[in-house]
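Please find below my notes on the model under review. They are set out as numbered points, to be read alongside the coordinates.

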Amino acid sequence: MVYVGLIDVAQSPTGSNVWRSIGNAYFSNSKLHNDQHSFGVNPNNPSECLMGGDGGVFRLNYNSGAASWTITPLNEKLGGTTQFYHAAYHPTNAAILIGGTQDNASPASRGDLNHWDNPGAGDGGFAVISQSNPALQYNTSQGLNLYKTTNTWASSSNVSVPNPLSESTPFIAPIYGDPTNGNVLYAGRQSLYRYTNGPNTWEGPLGGVTMSAGGTIRSIAVAASNGNRIYAGSADGKVFRSLDRGATWTNITGTIPNRIIKDIAVDPANADSLLIVLGGASGVARVYQCLNGGSATPTWTSKSGSGGSALPDITHSTVCIDPRAPTTTWYVGADVGAFMTKDAGATWSNITNPLGLPNVRVDELTFVPGQASLYVATHGRGIWRIDTGSTALQALTFSKNPIYSANTLTITVQLTVAAPAGGAVVSLSSNNVGVVAPPIDVIVPQGSNTASVNVAVPYRTADATALITASMNDQQISNTVLVKFLQADINHDGIVDLTDYTRLLNAFDATSASANWDAPCDLNGDGIVDLTDYTIVVVQFNLGGS
């Protein structure tokens with residue numbers, strides 16, 4: 001008995017040149033998903049076999065006497081065997097996501113993880129969910145066919161990428177959502193193209209630059225802190241950078257080994273700091289960092305570690321920066337699982353088994369701040385979500401600094417990830433409550449990572465400062481605000497406007513003995529309301545306000 005697996009599984013009952021289909025993969029009554037990858041025979045029962053392919057794992061039971069067979073799918077008991085290439089996630093709702101898969105289109109959960117739809121086609125690829133408008137989503141199929149929905153796949157349209165230069169296109173071609181503009185999408189062939197939702201327009205090739213003569217673009221990244229900064233990596237080991245939103249490009253490859261640039265991650269707070277991971281043959285480091293990506297001659301440093309704590313020298317497909325500690329904490333995915341560093345690549349640890357992940361190829365890692373979750377898209381065991389722990393303080397900011405007295409100051413606290421159920425309580429304090437006296441607590445609502453409070457700043461007759469401190473758990477973060485005296489604010493309402501001007505005019509030329517004397521209008525305190533006071537009002541006119 002001989003079996004051969006290609007698209008279908010064929011059987012030769014006698015080991016001769018007589019073959020028959022086992023799975024009927026070519027037909028509507030198919031018993032087996034097409035595209036086979038593995039076949040195993042039970043050594044204790046030759047009539048029982050296991051088959052693995054693009055549709056997962058199936059069991060074959062053959063009855064030689066009756067020359068019949070049954071095929072049973074085993075995927076449900078395995079907890080998912082889908083081969084995801086890439087995926088995209090809702091900013092706050094863990095039940096909304098979509099991913100592209102090998103020969104299984106683009107499965108999507110629209111709010112119920114127990115019931116998925118599949119709005120895609122063919123071999124699914126990259127996907128994008130707009131982080132500012134999550135109802136706007138994209139999926140792709142082989143060859144950069146692109147599909148868009150504006151209503152979470154209740155309906156969709158084909159917005160495929162133009163190819164005016166007849167460029168080569170990767171089978172699984174990259175798309176990337178601009179983190180600074182939820183209506184903008186980038187797509188890569190040998191050149192880069194840009195799509196804008198709304199006007200439904202494509203631009204490109206951007207800058208007229210072919211970034212890979214012998215290959216194609218494989219990775220794209222746009223800096224979250226600067227939408228003008230774009231990076232792209234190619235199959236022939238080149239990295240390109242644009243400082244002007246794609247109008248011009250610079251090759252910044254430098255000393256990077258000639259391997260596929262599989263992924264690029266940019267520090268969310270620093271457009272100059274980025275990481276890349278390399279695929280391809282062995283013999284090179286796999287993670288490289290650049291800290292001066294915006295300079296004339298960017299430099300690259302290996303961050304793959306050394307010795308027993310180094311990354312394995314195999315293909316790596318994905319790199320992800322933890323936004324809570326972007327300079328030190330990173331994740332990478334390789335053909336044998338997931339790895340993590342907390343010391344900027346000096347040492348790496350295999351987090352596959354400790355986090356409960358299967359030993360399988362990891363194609364994409366994504367950190368979703370609003371969910372405090374790390375997502376792992378695997379090529380063979382579906383998608384996994386890892387809760388990365390509690391929130392932490394990230395920033396304490398003021399609406400104005402300095403601010404004039406008698407105005408309202410808005411104090412904003414920002415967390416690294418979204419607040420959990422019930423919200424997060426942040427305590428506020430001031431070292432000078434006579435200058436700024438914030439409320440004791442501010443609550444960051446569940447699902448949000450920011451909260452603001454308005455504080456009335458009393459009128460002052462001299463400049464002063466207050467150190468405001470935000471505290472949560474064992475963490476504190478402080479910021480100093482300067483409150484300035486506004487001399488021409490005659491009526492103490494926090495702004496110099498027509499009211500102050502009119503009041504000064506009514507008291508003009510008056511002294512303390514005059515019937516129209518108005519002491520606050522004597523701004524310089526010389527006993528008379530005159531041109532000097534008028535000049536002060538003119539110079540400070542329109543200053544102030546919250």
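**Notes on local geometry and packing**

1. Just after helix H3, Asn-542 adopts a positive phi of about 75°. Helices (H or I, at least four residues) and strands (E, at least two) are DSSP runs, numbered from the N terminus. The model is a predicted one, in which local features need pLDDT of at least 70 and side-chain atom pairs count only at pLDDT 80 or more, while totals for chains, interfaces and linings use all residues. Residues are numbered from 1 along each chain as its sequence is written, and side-chain values use heavy atoms, with hydrogens and water left out.

2. Helix H3 spans residues 531–540, and its buried residues are Asp-533, Ile-536, Val-537 and Gln-540. Viewed down the axis of H3, these buried residues fall within an arc of 95°, so they line one face of the helix; the arc is that of the directions from the helix axis to the C-beta atoms. The face turned away from the buried side carries the exposed residues Leu-531 and Val-539. Buried here means under 20% relative accessible area, exposed over 50%, and partly exposed in between (1.4 Å probe, protein chains only). Helix H2 (498–506) is included in what covers the buried residues of H3, contact being heavy atoms within 4.5 Å.

3. His-492 has a phi of about 60° and is placed in the loop between strand S41 (475–484) and H2; at 41% relative accessibility, His-492 is partly exposed. For Ala-67, phi is near 50°. Ala-67 lies in the loop between strands S6 (56–63) and S7 (68–73) and, at 36% relative accessibility, is likewise partly exposed.

4. One joins Gly-204 and Pro-205, with omega about 5°; Pro-205 is in the loop between strand S18 (201–203) and strand S19 (217–223). Another joins Asn-401 and Pro-402, with omega about 10°, and Pro-402 lies in the loop between strand S34 (393–398) and strand S35 (403–404).

5. The whole structure holds 7 aromatic pairs. Rings of Phe, Tyr and Trp (its six-membered ring) pair if their centres lie within 6.5 Å; planes under 30 degrees apart count as stacked, over 60 as edge-to-face and the rest as tilted. Tyr-138 and Tyr-195 form an edge-to-face pair, at 6.1 Å centre to centre and 85° between the planes. This pair links distant parts of the chain, with Tyr-138 in strand S12 (residues 137–141) and Tyr-195 in strand S17 (residues 192–196), 57 residues apart. Tyr-138 is buried at 2% relative accessible area, and Tyr-195 is buried at 0%. Ring pairs join Tyr-138, Tyr-195 and Trp-202 into a cluster.

6. Thr-378 belongs to strand S32 (residues 373–378) and is buried, with a relative accessible area of 1%. Not counting residues up to four places away in sequence, Thr-378 touches residues including Thr-82, Phe-84, Val-360, Asp-363 and Trp-384.
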